[in-house]
Amino acid sequence: MSLPESKISAGLALKKKTGYRWLVLSLIFLVYIVCYADRTNIGVVLPFIKEDFALNNFQAGAISSFFFLGYACSQIPAGFLLGKKGTRGVVALAVIAFSVVTFLLGTVSGAALLILLRLLLGLTEGPVPVSMSTTINHWFPAKEKATATGIYIASTQLAPIFVPIIAAAIAMSFGWRYVFYWFAIPGLVIALVWYLVVRTKPEDSSKVSKAELEYIRQEEVRVEASGEQRSLGWLDKAIRYQKIEIINTPKKVFTSWNIWGNTLTYFLMNSVLYGMLTWVPMYLVNAKGYSFMKMGFVASTPAIGGLIGALLGGVISDKVFLKRRKPTMLITAIATAIMMLVVINIPDNATLVSLSLGLAGFFLNIGWPAFTAYPMGLTNRNTFPVAIATVNSGGNLGGFFSPMIVGAILDATGNYNIAFGFFAVLLVLGFIIITTLKEPAQD
């Protein structure tokens, strides 16, 4: 006896796998574009602020740096908070808070208040990256996590593509204060959309079908019978690929060299990334003699390369290296170090300068998703927020120290090549540390 057509259709509908996780990832992407735009617009307006407030390079670097002190301080508390409250409300409140602070940055009357508000901006933005990584960890199966993380990380490179151009145009037309006024608006909108659309876990959302939920959770058993866990031969030996005991308590997070080594390497990578974001615009204006508008276009080239690198890096880590994270991390460290030497020796030609900066951004970001995805293979869903908060907290201190150190180097020498050489040394040191980490075997 055959079933009625209506019942067959109903049965197929029940089995249909929705793709709601990709809508969630789209919102993660948009939220972090706004987040990143509000933190990086300072690099473009810094020449105007430096002139208005008569600052030296170290003081100008401090304005950028103090964001990362607040940012680092709020990461670990945010990790514990997310474990109790979830990401939905925490993200919405954080985005509203940092948008208000962004607006207030345009009202300052002196450098001291500007530094204080940059510190506050970091404190309010701090819960966001931990929430984004935690949301990906909840919403995606293991085989898609680095790809999803790569798309999320790509948002950090999309913002610096258009931020220098838009911020320079606003500053030239209306004054640097209006950059902060206008940049505060998108966050208020996206916070509301996030709260209405995203839930902390897919189990909490009525938009997620049973089939999609089963797909997301199918790989929580770490070893599959399917034999998908294929050997990469000599590469597995070189990266120390092996089964590792899962970190299942916060105490084990803080005693794991793999977590701390990843954190230290992330610190070095962030030192280079945020050192470049802060000082490349000044380098182009002061060392290369570019106009502010020309600077805006050329300063976006590292982010264009970075966008491509981040998108490719996640896919390469998942598909080519079969969820091994260290290979792209190692590529990032050594290839970017080489590009720093290229930047130092590049002829004074705008096209070549743009190309070299773009390639530096590409290589710097090809391994960036792996630094975030790596702790996912070491932890479970309960300990991951604390682990990624630790990595982000320690890692982003690089953004605190680096702009001030480079500012001090420039005050002492006036030579930007020494700054790029400093970045190269940090990258080589990062390469060495990455080799000491174990690569966790995943299903």
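How much space lies in the second largest cavity? The answer is about 130 Å³, where a cavity is a set of points on a 1 Å grid over the protein atoms alone at which a 1.4 Å probe fits but cannot get out, and where the volume is the space filled by probe spheres set on points joined across faces, edges and corners.

This is a predicted model, in which local features need pLDDT of at least 70, side-chain atom pairs count only at pLDDT 80 or more, and totals for chains, interfaces and linings use all residues. Residues are numbered from 1 along each chain as its sequence is written, and side-chain values use heavy atoms, with hydrogens and water left out.

Select Tyr-32, Tyr-152, Tyr-266, Tyr-274 and Trp-368, which are the closest to the centre of the second largest cavity among the 17 residues that line it, a lining residue being one with an atom within 4 Å of a point. Helix H13 gives the largest share of this lining, four residues, helices being DSSP runs (H or I, at least four residues) numbered from the N terminus.

Next, go to the largest cavity, which holds about 230 Å³ of space, and select Pro-160, Met-276, Leu-277, Ala-299 and Pro-302, the nearest to its centre of 18 lining residues. Colour helices H2 (20–52), H7 (142–174), H13 (257–287), H15 (301–320) and H17 (350–366), each of which gives two or more residues to this lining; the largest share, five residues, comes from H13.

To finish, survey the whole model, where the count comes to five cavities of 30 Å³ or more.

Definitions and conventions: On a 1 Å grid over the protein atoms alone, a cavity is a set of points where a 1.4 Å probe fits but cannot get out, and a pocket is an open set with protein on both sides within 12 Å along at least five of seven lines; lining residues have an atom within 4 Å of a point.
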